[in-house]
Amino acid sequence: RMFVITSGLPVIIDNASEVRRICPPPSPRLPSISTVSLIALALHADDLPERVEDLDEVLRIEQASFPMPWTRSMFEGELRNPVSFSYTLTVRPQEGVERIGGYVVLWIVHGEAHILNIAVNPEYRGRGIASRLLGLMLELMKRNLVYEVFLEVRVSNTAARALYGKYGFSEAYIRKNYYGDEDAIVMVLDL
């Protein structure tokens with residue numbers, strides 16, 4: 001493990017971890033993160049073909065993770081959305097090999113954040129990647145004066161509900177048939 005300070009943000013990460021930003025450049029209120037082991041890469045939607053392999057891998061993880069996965073056009077729409085921020089956490093299982101361990105898509109608007117999508121590559125589940133990614137995003141939100149975070153989670157997804165609870169999210173209410181085949185619990189965190 002290595003302790004890294006990223007623009008004033010302390011993060012404990014493994015030497016084999018990297019976070020890559022795969023969305024439009026940050027606004028002045030959302031500084032990018034840049035260190036030796038923790039790298040944020042801003043990407044214009046016009047540059048998408050240069051990172052198409054990231055999106056292909058994200059889509060594979062998405063399809064393996066959700067019964068009603070997002071489509072390529074949904075992800076591309078988020079890459080063009082000025083309030084949307086998308087990050088991948090890259091792992092290096094062996095020298096010279098990089099894989100996307102997980103990703104998150106979120107919106108930040110007027111001091112509120114909405115986590116739209118977070119998933120971990122099935123090969124790397126149970127290794128703290130979701131926790132690391134969520135923790136990093138919450139610290140980034142705090143630094144940028146976000147005061148409240150929302151997300152929806154399937155009622156049946158007890159592992160995700162437990163993770164969010166560990167970070168202080170509370171279950172606010174239920175959205176009936178949110179996923180078409182299941183209700184969602186709206187969870188809220190005051191930062």
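**Close-up views of a predicted chain**

**View 1. Overview of the chain.** From the N terminus on, the elements run β-β-β-α-α-β-β-β-α-β-α-β-β, where helices (H or I, at least four residues) and strands (E, at least two) are DSSP runs numbered from the N terminus. The model is predicted, with local features needing pLDDT of at least 70 and side-chain atom pairs counting only at pLDDT 80 or more, while totals for chains, interfaces and linings use all residues. Residues are numbered from 1 along each chain as its sequence is written, and side-chain values use heavy atoms, with hydrogens and water left out. Of the 191 residues of the chain, 47% count as buried, a term that stands for under 20% relative accessible area, with exposed meaning over 50% and partly exposed in between (1.4 Å probe, protein chains only).

**View 2. The largest nonpolar core.** This core has 31 residues, and those with the most contacts inside it are Ile-115, Met-141, Val-149, Tyr-164 and Phe-169; a nonpolar core is a set of buried Ala, Val, Leu, Ile, Met, Phe, Trp, Tyr and Cys residues joined through side-chain atoms within 4.5 Å. Among the elements that give two or more residues to the core are strand 6 (112–120), helix 3 (129–143) and strand 7 (148–154), and helix 3 supplies the largest share, eight residues. Leaving aside neighbours within four places in sequence, Phe-169 is in contact (heavy atoms within 4.5 Å) with residues including Ile-115, Leu-138, Val-149 and Met-187. Apart from this core lies another, of ten residues, among them Leu-55, Trp-70, Ile-100 and Tyr-103.

View 3. Ala-160, Leu-163 and Tyr-164 are buried in helix 4. Seen down the helix axis, the buried residues of helix 4 fall within an arc of 95°, so they line one face of the helix; the arc is that of the directions from the helix axis to the C-beta atoms. These buried residues pack against strand 6, helix 3, strand 7 and strand 9, whereas the face turned away from the buried side carries the exposed residues Thr-158, Ala-162 and Lys-166. Just after helix 4, Gly-168 takes a positive phi of about 100°.

View 4. Strand 4 and strand 5 run antiparallel and are joined by nine bridges, two strands being paired if DSSP finds at least two bridges between them. The bridge partner of Tyr-87 in strand 5 is Val-104, and in the hairpin of strand 4 and strand 5, with two residues between the strands, Gly-96 takes a positive phi near 80°. Strand 5 and strand 6 pair in the antiparallel sense over eight bridges.
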